[in-house]
Amino acid sequence: MNNVMEIKNLSCYYDKIRALEDISLSINKGEIVSLIGANGAGKTTLLRTISGLNKSSQGSIIFENKDITKLPSDKRVKAGIAQVPEGRGLFSVLSVEDNLLLGAYIHKGAQIATDLEAVYKRFPILKEKRLEYAGTLSGGQQQMVAVGRALMSRPSLLLLDEPSMGLAPIIVEDIFAVIKELRDMGTTIFLVEQNAYLALQYSDRGYVLENGKVVSSGKSSDLLHDDSIKEAYLGG
Ligand SMILES: Nc1ncnc2c1ncn2[C@@H]1O[C@H](COP(=O)(O)OP(=O)(O)OP(=O)(O)O)[C@@H](O)[C@H]1O
Ligand SMILES: [Mg+2]
């Protein structure tokens with residue numbers, strides 16, 4: 001299977017506090033890979049380091065065979081990495097459409113209109129609400145805007161930070177169905193979730209992060225049946 005991203009021995013600090021320690025992981029084309037871990041384990045820090053919003057102090061990130069460790073975040077978007085941030089990061093007093101267009105800043109002209117139509121086709125409700133303030137939408141619809149905005153850059157690797165957060169279970173199912181569809185259409189997905197059961201159910205492989213370190217990894221179906229993971233993350 002084709003390797004999309006290879007992280008080697010990555011460490012990251014906030015001042016003198018180490019948030020990530022010696023992380024190594026790989027993501028292959030067409031996979032959904034999940035990253036699970038408790039509050040404060042370092043999940044968001046890892047995603048932000050991959051997208052270039054946090055600096056790493058050691059280690060390397062290879063994306064599609066290029067070393068992007070030192071690349072600024074806008075260049076990483078151009079290279080094909082898009083992040084849906086924790087809490088969605090929408091501009092609540094901008095319209096839905098303007099929020100989506102923000103995701104297209106690396107593109108020009110006709111391509112943007114095509115990509116916008118593709119997002120509206122995937123999420124028809126957003127077309128209906130395209131002129132409304134993003135802040136007036138329901139949580140699930142806001143998550144669709146956040147995913148749609150990331151898709152506007154035509155990513156080959158999509159980083160999702162807690163897409164289920166704050167959503168009712170039935171809406172979570174919708175969002176995860178979309179995540180699977182995106183994968184089936186060729187986008188590789190790195191999925192961060194506190195909801196370990198959900199993440200492992202929908203992913204091909206998973207990594208478990210504890211205090212900034214990878215403590216376990218494997219096929220998601222195996223992790224779901226691992227006793228220590230069951231006890232720590234799946235409610236026994
Ligand atoms: N900007 C920051 N400055 C200093 N410390 C930070 C900063 N952001 C995060 N941390 C610390 O780094 C560690 C990892 O935080 P991070 O947000 O990556 O965890 P997380 O796994 O995403 O947690 P959560 O599940 O709550 O989202 C925590 O101890 C946190 O307090
Ligand atoms: Mg987080």
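**Sheet, packing helices and magnesium site**

In this predicted model, strand β9 (residues 205-210) is joined to β10 by six bridges, the two strands running antiparallel; helices (H or I, at least four residues) and strands (E, at least two) are DSSP runs numbered from the N terminus, and two strands pair if DSSP finds at least two bridges between them. Glu 210 has Lys 213, in β10, as its bridge partner. Local features need pLDDT of at least 70, side-chain atom pairs count only at pLDDT 80 or more, and totals for chains, interfaces and linings use all residues. Residues are numbered from 1 along each chain as its sequence is written, chains are lettered from A and ligands numbered from 1 in the order in which they are written, and side-chain values use heavy atoms, with hydrogens and water left out.

The open sheet comprises six strands in the order β6-β7-β8-β3-β9-β10, with mixed pairing. Its edge strands, β6 (81-84) and β10 (213-219), each pair on one side only.

Helix α1 (residues 43-50) lies across β3 (32-36), β6, β7 (157-161), β8 (188-193) and β9, at about 150° to β8, where axes are lines fitted to C-alpha atoms, for helices over the stretch in contact (heavy atoms within 4.5 Å), and angles run from 0 to 180 degrees between N-to-C directions. Helix α7 (residues 169-184) also packs on the sheet, touching β3, β7 and β8, and its direction makes about 155° with that of β8.

The magnesium ion (ligand 2) is coordinated by Thr 44 (OG1) and Glu 86 (OE) at 1.9 to 2.0 Å. Because Thr 44 lies in helix α1 and Glu 86 in the loop between β6 and α3 (96-102), the pair ties together parts that are 42 residues apart in sequence.

Key. Donors = N, O, S within 2.8 Å, 3.2 Å for Na, K, Ca; no water.
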